[in-house]
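Here is a short briefing for a reader who is meeting this structure for the first time.

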Amino acid sequence: MTRQPLNIKPPSPPKFPRGGLRTLAPSDLEDESVYRGGVMEGLSLDAGTLQTVSFEGVVFREVNLSGVAWNLIRLKDVRFEGCDLSSAKWTEAALERVQFTDCRLTGLQLPGAVLRHVRLTRALAPLSLWPDVEAKHLWLEDCDLTEAVFMDAKLPGTVFRGCTLGKTEFHGAEMDGADLRASALAGIRLGLRELAGVTVEPVQLLDLAHLLGVRVEELPA
């Protein structure tokens, strides 16, 4: 079957309400609540727990969210700028039109999350866990995903542009149409099944040759 040329569009950006955003404080956050049109800036949530909460049209700017445990969380039209989400765990999360820029996501856990139009730019996300994630229009650019786990994730058409994928685990993932160009693939963990339909650059084939049992070695002069 002849494949069509790549025509991957970037995710749609978040949409925010007209008239500005009101300030949100940690004390405002309660379980089973909906927060619309707000901004939280330069604060710490002290590894708190939230249950069944929705954020819509909200900006988190330089907020310390490390270690937070959020369950049944819905994020729509949300932007994270310079935030720390290290060791945070979001269970059964749903993200739509969400952006992460210059954020620290070391050890972030997103098991089974549903991602729609999500973009990560310059994220530090080593050891992050994305098992069984279901993604459409997911774009990761200039991200460190060393030893991250995407096992059994659904990642059709996902773009990994300029990312570090050393020891990143993709076994069992569905990656048809994914684009790994310009990313560092040395040590990437996946098989021929996961590679089917993936786009790479010619120079990257050297890092994938071992999957074919091929040894790459120059002929001595």
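Predicted model: local features only at pLDDT ≥ 70, side-chain atom pairs only at ≥ 80, totals over all residues.

Residues are numbered from 1 along each chain as its sequence is written, and side-chain values use heavy atoms, with hydrogens and water left out.

**Surroundings of Glu169**
- Glu169 lies in the loop between strand E11 (159-161) and helix H1 (192-195), where helices (H or I, at least four residues) and strands (E, at least two) are DSSP runs numbered from the N terminus.
- The side chains of Glu169 and His171 are joined by a polar contact of 2.4 Å, a term for a pair of N or O atoms within 3.5 Å of which, within protein, one must be able to donate a hydrogen and the other to accept it, residues adjacent in sequence counting only if both atoms are side-chain atoms.
- Apart from neighbours within four places in sequence, Glu169 is in contact (heavy atoms within 4.5 Å) with Ala148, Val149, Phe150, Met151 and Arg189.

**The sheet**
- Eight strands form an open sheet with parallel pairing, in the order E1-E2-E4-E6-E8-E9-E10-E11, and strands pair if DSSP finds at least two bridges between them.
- The edge strands, E1 and E11, each pair on one side only.
- Strand E2 (residues 34-41) is joined to E1 (residues 22-23) by two bridges, whereas E2 and E4 (residues 54-61) pair over seven bridges.

**Aromatic rings**
- The structure holds 13 aromatic pairs, meaning rings of Phe, Tyr and Trp (its six-membered ring) with centres within 6.5 Å, stacked if the planes are under 30 degrees apart, edge-to-face if over 60 and tilted otherwise.
- The rings of Tyr35 and Phe55 are stacked because their centres are 5.6 Å apart and their planes lie at 25°.
- Tyr35 in strand E2 and Phe55 in strand E4 are 20 residues apart, and their pair links distant parts of the chain.
- Phe55 also forms an edge-to-face pair with Phe60, at 5.3 Å centre to centre and 75° between the planes.
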